[in-house]
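Welcome! Take a look at the sequence and structure, and then read on.

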Amino acid sequence: LNISRIQNLKIGISIMGRKSLPTALKIVKGTQRKCRLNPDEPAVGSDNLAPPDYISKEAIKHWPIIVKMLKDAGVASDLDAMALCALCEAVTTWVQATTDVRKYGLITEGKYGPCANPAIKISNDASDRMMRILIEFGMTPSARSKVSGRKKEAANEFNEF
């Protein structure tokens, strides 16, 4: 066992730390501080958050629902299209597998007798993938508990200044 390799691994792990949050999510959470904001963070828009061409017909049904929730929270952006696509596909896979389990049951007849329905593993994997992406967008109860809504400013002609 190479000790220097293990020490380098420990150093690499300790340097990584937590993932940085995008500024929009910091603002929604109320944790933005000037010293923590990236002044060079790219500004992205969310006016035309259209689904990509490669999303499946089944997954596209979830797109408008998820995008609306993220736009309402103020965290949707055009750069999130691939992550949103992955979320929609994970939701679709999870729904299909769960429906299969409900229809055929937990135990099915296999080649050598009764066995666990393979859709259970598919459902669990899709659920895990879906939950990881939901957390990235702040869309789970624990992630949401760390978020406070933006306070609306009173209409004032000086707001833009």
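## A look at helix H5

How far apart should the ends of helix H5 (residues 119-136) be at 1.5 Å a residue? The expected span is 1.5 Å times one less than the number of residues, so the 18 residues of H5 should span 26 Å, and this agrees with its end C-alpha atoms, which are 26 Å apart.

Buried residues (under 20% relative accessible area, with a 1.4 Å probe and protein chains only) in H5 are Ala-119, Ser-123, Ala-126, Met-130, Ile-133 and Leu-134. They lie on the same side of H5 because they cover an arc of only 100 degrees around the axis, taken from the directions from the helix axis to the C-beta atoms. On the other side, Lys-121 and Arg-132 are exposed, meaning over 50% relative accessible area.

## Neighbours of H5

The buried residues of H5 pack against helix H4 (81-104), where contact means heavy atoms within 4.5 Å. After H5 comes Gly-138, with a positive phi near 70 degrees.

## The whole protein

The protein has six helices and two strands, in the order α-α-α-α-β-β-α-α from the N terminus. These are DSSP runs: helices (H or I) of at least four residues and strands (E) of at least two, numbered from the N terminus. Of its 161 residues, 25% count as buried.

## About the model

This is a predicted model, in which local features need pLDDT of at least 70, side-chain atom pairs count only at pLDDT 80 or more, and totals for chains, interfaces and linings use all residues. Residues are numbered from 1 along each chain as its sequence is written, and side-chain values use heavy atoms, leaving out hydrogens and water.
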